[in-house]
Amino acid sequence: MTKKLFEKHGHHASADEIVNECERLQNLPAVSDYELLRIYYYDAPPSSEALTRPVSRTPLKLATTERFRLSQSLYDQLVLKPHFALRMGETRLSKEKWRIKPRVARELTISQRPLVDADFDLDLSQKGVDMRIGLDMARLALRETVRAVVVVTGDSDFVPAFKFVRREGVKVILDPLGHNVRTELRAHSDIVIG
């Protein structure tokens, strides 16, 4: 959701913008008859590691970056919003820490030049977020806590979770926020928004 809100507004998503999106979803005809149990917000905080840049070898403390500050501020605000529960995974740096940008790699095959720090991205990955989403969906379905779930994603990794909760009688409503999703994800949703 934060990526789509960044595309829409041109800045890091605020807690109020996320709340507004959730209210938009709650007001959809497909869910307006349901009572809200909770809004689960899943993410992984940005890395706070201290490392060195790949070419200049100058220090970089990720915990002092604007991205880190904005993300932490978002989490601090969201956790205080009514009905919100944050489910946080973790962010891990690969052993190599940096990877060359694909665009730069293509350019270098055409014309060689010295590398600069800006030619690299951090090699980060989120861990445990997808698993938490699937487990929460299964737990809510098995305990018969909910009759429907609204999931905002474009990730087809959730197909098994969708199948499971639907077999348990829970309606799955998918909002990919305009993201082009695989047919399989749509096929295992009861309603697709947009």
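A: Buried means under 20% relative accessible area, exposed over 50%, and partly exposed in between, with a 1.4 Å probe and protein chains only. This is a predicted model, in which local features need pLDDT of at least 70 and side-chain atom pairs count only at pLDDT 80 or more, while totals for chains, interfaces and linings use all residues. Residues are numbered from 1 along each chain as its sequence is written, and side-chain values use heavy atoms, with hydrogens and water left out.

In helix α3, Glu66 and Arg69 lie three residues apart, about one turn of the helix (helices being DSSP runs of H or I with at least four residues, strands runs of E with at least two, numbered from the N terminus). The two form a salt bridge, with the closest N and O atoms 2.6 Å apart; the term stands for a side-chain nitrogen of Lys or Arg within 4 Å of a carboxyl oxygen of Asp or Glu. Glu66 is partly exposed because its relative accessible area is 46%, and Arg69 is likewise partly exposed, at 46%.

A salt bridge also joins the side chains of Lys81 and Asp16, at 2.8 Å from N to O. This pair links distant parts of the chain, 65 residues apart, with Lys81 in the loop between α3 (66-78) and β4 (84-88) and Asp16 in helix α2 (residues 15-26). Lys81 is partly exposed at 24% relative accessibility, and Asp16 is partly exposed at 44%.

Elsewhere, Lys8, Glu21, Arg24 and Asp175 are linked in a network of salt bridges, and a search of the whole structure finds 15 salt bridges.
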